[in-house]
Amino acid sequence: MQPEDPTQSAAGAPRQVLSLGDAVAIIVGLIIGAGIFKAPSTVAGASGGEIAMVLCWIAGGVLSLIGAMCYAELATAYPSVGGEYHFIGQAFGRVPAFFYAWARMTVIVAGSIAVFAYVFGDYCSRLLGLGSHSSSIYAALIVAALTAVNIVGIKAGKATQNVFTTLIVLGLVTVLVAGLFLAPEAPAGAARSASAIPSWSGIGLAMIFVLFTYGGWNDGAYISAEVRDRERNMSRALFLSIGLVTALYVLVNLAYVKGLGFEGVAKSDAVAADLLARVWGTAGEKLISVMIAIATLTSINGGMIVGARSNYALGREWPFLRFLGRWHEASGSPRNAYLVQGAIALALVGLGAVARQGFQTLVDFTAPVFWGFFLLTGVALFVLRAKDPGARRPYRVPLYPVTPALFVASCAYMLYSSLAYTGLGALVGVGVLAAGAIVILIGSAAGAQR
């Protein structure tokens, strides 16, 4: 018998309102963000050669697809607005699940929202400056505005995401067309031997940023309870999304290399801006600013949609956080969860002096925590196959147990690589989990006294 999902057992629960197209738009929007305009330079520099770089991006898509197979089984067998929180809870119990949801609420999702809001602010400030604190003002305004849009309801949230996703896909197509067909020959001396042999440490660093750029497909699990005909459409949405993104990422990186040369990509601080500047001059730089701003909006809005749902699931199971677990029936949204998430993101925006270190800071602080819980979710598939063999599984991972074992092994390698790369930055994740331990102890003690 399939375990009951407590996040959906009461009135005022999520309804199946998302079509296959809506789900694909949300997942693609979650994956494609500002990372594809930042990460290629780091990946090129770490990989050591053009062939190795392209293989890293293809490997990122393959590993994401393998992971999506595992998530498709979990999401169709245990559909829940709690996503990974629910899977970890079913496999390992409430306490490990709490720590995961706590990390998502305080760092992983809210931190992503805040940092991408600053990226949005930085690029909007290039178009229209608002003074010395221009980026902070734009960041706070976009967090508040998109929180308000999603509080209105899932229909407003998904419509906004559909528009943003369409625009960013068109933007990436513009980049690849400019690089592959319109850019002049790469500057002399910008090539590097395609046969250069990279080091394993270099590949490990490259894959951290590749898989960061692919990150977000796993958050599709948080909308599994709201997808129509989910037994069929959830797996299709994951596979279609990752296939589309992989094709775009590989082609865009080839466009960067053709337009700037491999060395040009590796040394660029703003690879997409440099490429479009070679094609259209100042107008190209303005265009890329708009595109990156839109890319951050897809990341922010998609992150808000799935982040609020994990917060809602947390509130449904823990009495001292029950205010998070209220679903607004008329709007079809967890309004309190959105408000708390928005408040945390705004608080992080207030720490702009730290957050404005931007992309690399986000990877440093979140990567070890993310890969640790990602690994735990992969192991949960094995545990639930053994623990709950009678559960109905509309989709089963092919070549079990080899496929999920590959996923778990890749997560373990990325956890090791992220710890080696971030060093002391990993202590931030430890601090967050320690704070969660204090919260759960105080909350449980307060509940016991009632």
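Colleague: Let's start with V290. Does V290 count as buried, partly exposed or exposed, and at what relative accessibility?

Modeller: V290 counts as partly exposed, because its relative accessibility is 37%. Keep in mind that this is a predicted model.

Colleague: Which helix is V290 found in?

Modeller: V290 is in helix α12.

Colleague: What span should α12 have, and how far apart are its end C-alpha atoms?

Modeller: Helix α12 covers residues 282–317. At 1.5 Å a residue, α12 should span 52 Å. The end C-alpha atoms are 53 Å apart, which agrees.

Colleague: Zooming out. How many helices and strands are there in the protein?

Modeller: There are 17 helices and zero strands. The protein has 450 residues, and buried ones make up 58% of them.

Colleague: Switching to charges. How many salt bridges does the structure hold?

Modeller: Three. Side chains of opposite charge can pair when their charged atoms come close.

Colleague: Which residue does R385 pair with?

Modeller: R385 forms a salt bridge with E73. The closest N and O atoms are 2.8 Å apart. R385 lies in helix α15 and E73 in helix α3, so the pair ties together parts that are 312 residues apart in sequence. Both R385 and E73 are buried.

Colleague: Which residues are linked with R385 in a network of salt bridges?

Modeller: E73 and R393 are linked with R385 in that network. R393 and E73 meet at 3.2 Å, N to O. That pair also links distant parts of the chain: R393 is in the loop between α15 and α16, 320 residues from E73 in helix α3. R393 is buried, as is E73.

Colleague: And R232? Which residue is its salt-bridge partner?

Modeller: R232 forms a salt bridge with D229. The closest N and O atoms there are 3.0 Å apart.

Colleague: Why does R232 count as partly exposed?

Modeller: R232 counts as partly exposed because its relative accessibility is 47%. D229 is partly exposed too, at 39%.

Colleague: New topic: T403. Is T403 buried or exposed?

Modeller: T403 is buried, with a relative accessible area of 7%. The cut-off for buried is under 20%, so T403 qualifies. T403 is found in helix α16, residues 402–422.

Colleague: What does T403 touch?

Modeller: Leaving out residues up to four places away in sequence, T403 touches I66, M69, V397 and P398.

Colleague: Last one. What is the mean pLDDT of the protein?

Modeller: The mean pLDDT is 81, and 87% of the residues reach 70 or more. Among the elements, helix α4 has the highest mean, 91. Helix α14 has the lowest, 55.

Colleague: Where is the pLDDT below 50?

Modeller: Over residues 7–11 the pLDDT is below 50. Beyond near neighbours in sequence, that stretch has 16 contacts in the model.

Notes:
Residues numbered from 1 in each chain as written. Predicted model: local features only at pLDDT ≥ 70, side-chain atom pairs only at ≥ 80, totals over all residues. Heavy atoms only, no water. Helix = DSSP H or I, 4+ residues; strand = E, 2+ residues; numbered from the N terminus. Buried < 20%, exposed > 50% of the residue type's maximum accessible area, 1.4 Å probe, protein only. Contact = heavy atoms within 4.5 Å. Expected span 1.5 Å × (residues − 1). pLDDT = per-residue confidence, 0-100. Salt bridge = Lys/Arg side-chain N within 4 Å of Asp/Glu carboxyl O.
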